[in-house]
Amino acid sequence: MMKKKSIPASKPFLILFLCQIISALDVPLDSKLLEELSQPPTITHQSPKDYIVDPRENIVIQCEAKGKPPPSFSWTRNGTHFDIDKDAQVTMKPNSGTLVINIMNGGKAEAYEGVYQCTARNERGAAISNNIVIRPSRSPLWTKEKLEPHHVREGDSLVLHCRPPVGLPPPIIFWMDNAFQRLPQSERVSQGLNGDLYFSNVQPEDTREDYICYARFNHTQTIQQKQPISVKVFSMDSLNDTIAANLSDTDIYGAKPVTERQPVLLTPTGSTSTKVELRGNVLLLECIAAGLPTPVIRWIKEGGELPSNRTFFENFKKTLKIIDVSEADSGNYKCIARNTLGSVHHVISVTVKAAPYWITAPRNLVLSPGEDGTLICRANGNPKPSISWLANGVPIAIAPEDPSRKVDGDTIIFSHVQERSSAVYQCNASNEYGYLLANAFVNVLAEPPRILTPANKLYQVIADSPALLDCAYFGSPKPEIEWFKGVKGSILRGNEYVFHDNGTLEIPVAQKDSTGTYTCVARNELGKIQNEVHLEIKDPTMIIKQPEYKVVQRYGQVSFECIIKHDSTLLPTVIWLKDNDELPDDERFLVGKDNLTIMNVTDKDDGTYTCIVNTTLDSVSASAVLTVVARPNPPFDLELTGQLERSIELSWIPGDENNSPITHFVIEYEDGLHEPGVWHYQTEVPGTQTTVQLKLSPYVNYSFRVVAVNKIGRSQPSEPSEQYLTKSASPDENPANVQGIGSEPDNLVITWESLKGFQSNGPGLQYKVSWRQKDVDDEWTSVIVANVSKYIVSGTPTFVPYEIKVQALNDLGYAPEPSEVIGHSGEDLPMVAPGNVQVHVINSTLAKVHWDPVPLKTVRGHLQGYKVYYWKVQSLSRRSRRHVEKKILTFRGNKTFGMLPGLEPYSSYKLNVRVVNGKGEGPASPDKVFKTPEGVPSSPSYLKITNPTLDSLTLEWGSPTHPNGVLTSYILKFQPINNTHELGPLVEIRIPANESSLILKNLNYSTRYKFYFNAQTSVGSGSQITEEAVTIMDEAMASRQVDIATQGWFIGLMCAVALLILILLIVCFIRRNKGGKYPVKEKEDAHADPEIQPMKEDDGTFGEYRLFSFVSSAPF
């Protein structure tokens, strides 16, 4: 099944309509086609029905129309033909029906008042304009009148009448003074809709002589002025004889002091009135009341509500304004004027009538010969309008008959029309409030098919999007449209296509295989025509890397990416927007090929950034938000409230948090009395809190400031608050960290931390220092000292405990009773040495020492511990003495033993022990002698190998630097090394301790040997040293080698070997570059320590052997 539907107006290349029609025949707005098709006249522009003209300017009555052939124009005036050729002042514009009446060259506008109507006619019919009523504007002068001054008692009402001259159109009224300043208006004094000035009650300040009413006539741009009106307000209290003499009894009648009065309506009068307004107009209802106090006006609608979206109150609620009224707004509207003495009301009965308005206006009808159609003309109004028809400007009852036409009230029915049925019909809907006139033509055409879409037009569409291939056509009767793909393709059918009534072929989802040539064929009974168009499908444009949400600190740098992929035949353009507008003209914004970079970011850069990629066929976009964060702005408007002696409330207004929520506020204070310019931490509160109750200290001149903190950092401090000085009081607290420590054996030094300035609580800060010996029934000794932090008590016994307390006081009194602390008088050196010192030697390098503690009374101070002095007297293996270096070990507290590490083996030591207190060390205990046993020696000081022969080597060595005992022997181990760096059998020799050299014989000639050498004591072997040496070559063998080397065959063989080695090296180099492995550590591995490496079992050249290390000082 083929689908058909109407194409939306928003899609390209749609059929545009020449006019609104009812039949299936569309006439496209193609300029070439319109030049060829006949068309009845259509009025395109005309002057308004009620046309008020400026009598000083030429009168232009507009009438424009179109048609084919172009229409001719004629006019009627007051219902009869207006022959413009007989009036020299009247001309008609060329190719137009617009009349120009020349007033500026002697003509009078009043002579051309009347009702004008234009007729546009061609061979297919006649269209007529509305009845255009021409009236010249009028701005007459004010009539001469004598205006008497108004003498009014204070509190009475007053109405100043304007009564402007009747003009056309009516003038705009306003009141001014002699200085051309508008008179002030209020609830008490205001201007009514009729232009009068109403005073609900007059006051002395209303006295003036220049109340002037002005009338402005907009058409003539003139302003007329009424004579000034004088108003004199008097009161009985200020009435003097001169004024009384000038006033008649009537003027003064019953003059009484000002009294309040209940409201009375000045306009409208009575209790009810009526108002008729037309549908669509603005309804204005007015109530102005007198009274003292000035009444307040309120409006209600009886039995209903005032329309909320169309109701307005003006003139201080004295005027009710309802716009765009309809029949539903009819009803009773009540205004109520009220003051403190009572109220008055007035009911206005509103009736909304309606001039005719269209329900269905007749529409142009384009038909083919033999077709049917209808013209419908439906209108409404109040009262109901009557409908009448005209044909070519003539009432249809007397117009030439047309057998295809039948009139049925508001409808004309056409049946089987012919070309002679073409005409213009007029529908007139009228009632007592106005009329509507509409032209609608019937145009009967017979035309073969025409295709208006250009031939071979190329359409380019993005894949998976709809493709719309146009076939704009015209023909009468309406042609049938068919589509083919390719020159010889079959007719297109199926659900994958949509065929629109205007000829357009729609492919809802175009794919790559939709590319090709498409043929549109239009045919009717008068002929056939076809047209080809071409379709190309393009890849869609995509943003494959979209910009992402960014958070950046102020003055930082940020980049948004926008990487795209597009069809290679399309040229994309990339545009960046900020908040849907162009980027700022700022060099900080750098637009790259695939990104946008913003340098030195500021708060103004915060917003949404959009990357838009446009091609000729599609557009894609992606957006990301940039949030600029920074430290908060400082708080402001600090305020102190609720001032008390020990507390106050601080409040503030937070500054801008700069897109990072405030986590907390820090409150700081300054003491302008004691530490001006120094700010201290007071407290902090959560970021949601903007007030805090602060605890205060006496005798402090406080200023506060607030710092806001977010994740980015701290704001600048706020401006300081006002200062607040608290009253003085006695101290709340005593000094802290009270101590008593003697500096000499006969004194006690009492120290404390002084109170800070704000802790003093008042002037005259001092301290009461008290002390007494502990556990002795002594009275307290006290002294009052100035604001210091130390007091020395002299003449005390050595190191005895004291009870101490320090109390603060000022001019207003003492602080609370302080707590007591224990101190001691000065220390002296200990009197006795530790006794019974014993040493237990654990091994050759470690010993343990014991001693008895000294009696505490002899310490004469705080026991800090014991010190052990020890030193080496001599080495037992060497009798020579050397410089004595004493070592000290300290053991804290009441410890009575300790370990002595790091001793040298086979040595003689001495030590003594001393007790230590805060003053120093006591006497030393008697020296105690102890000895350390033997240990293993250090390595021999050197090993030399000299005098190599064919089969022998000479070895020389030096004794160990530290024998650590009595040497018993030396151990020599050696083994051969072959050409592949493998080790041979290991040979061991023990050498007496008194030897210093050795000749090794029966060695292999021309062989490398490795030697391992160390010393021994009775405890064991010490560290070893290693060396290597080579025996010399046999002379005969050397001679034979020289002879062979001179042979040509040997030289050639060696060259071949060298070539092979070169090739092998190249191959190895290539393998290494490709990631291969090549052994490079064989030589190093061949020299491993024989005591560490395992024996190798797969080589029978030397039997068992060990790998060894070159580290000469490794333990054996």
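**Salt-bridge exercises**

K226 is buried, at a relative accessible area of 3%. That value, like the others here, comes from a predicted model.

**Exercise 1.** Find out which residue forms a salt bridge with K226 and what parts of the chain the pair ties together.

*Solution.* Start with the partner: K226 pairs with E145, and their closest N and O atoms lie 2.4 Å apart. Next, place each residue. Finally, check accessibility: E145 has a relative accessible area of 34%, which makes E145 partly exposed, whereas K226 is buried at 3%.

**Exercise 2.** Take the salt bridge between E803 and R772 and decide for each residue: buried or partly exposed?

*Solution.* First, the contact itself: the closest N and O atoms of E803 and R772 are 2.6 Å apart. The two residues come from distant parts of the chain, with E803 in strand 70 (residues 801-810) and R772 in strand 67 (residues 766-773), 31 residues apart. Now apply the cut-off, since buried means under 20% relative accessible area. E803 has 15% and therefore counts as buried. R772, at 24%, counts as partly exposed.

**Exercise 3.** Name the residues that are linked with R208 in a network of salt bridges.

*Solution.* R208 is linked with D177 and D210 in this network. To set it in context, a search of the whole structure gives 35 salt bridges. Among them is the one between D156 and R153, with an N to O distance of 3.6 Å.

Definitions and conventions: Residues numbered from 1 in each chain as written. Predicted model: local features only at pLDDT ≥ 70, side-chain atom pairs only at ≥ 80, totals over all residues. Heavy atoms only, no water. Salt bridge = Lys/Arg side-chain N within 4 Å of Asp/Glu carboxyl O. Helix = DSSP H or I, 4+ residues; strand = E, 2+ residues; numbered from the N terminus. Buried < 20%, exposed > 50% of the residue type's maximum accessible area, 1.4 Å probe, protein only.
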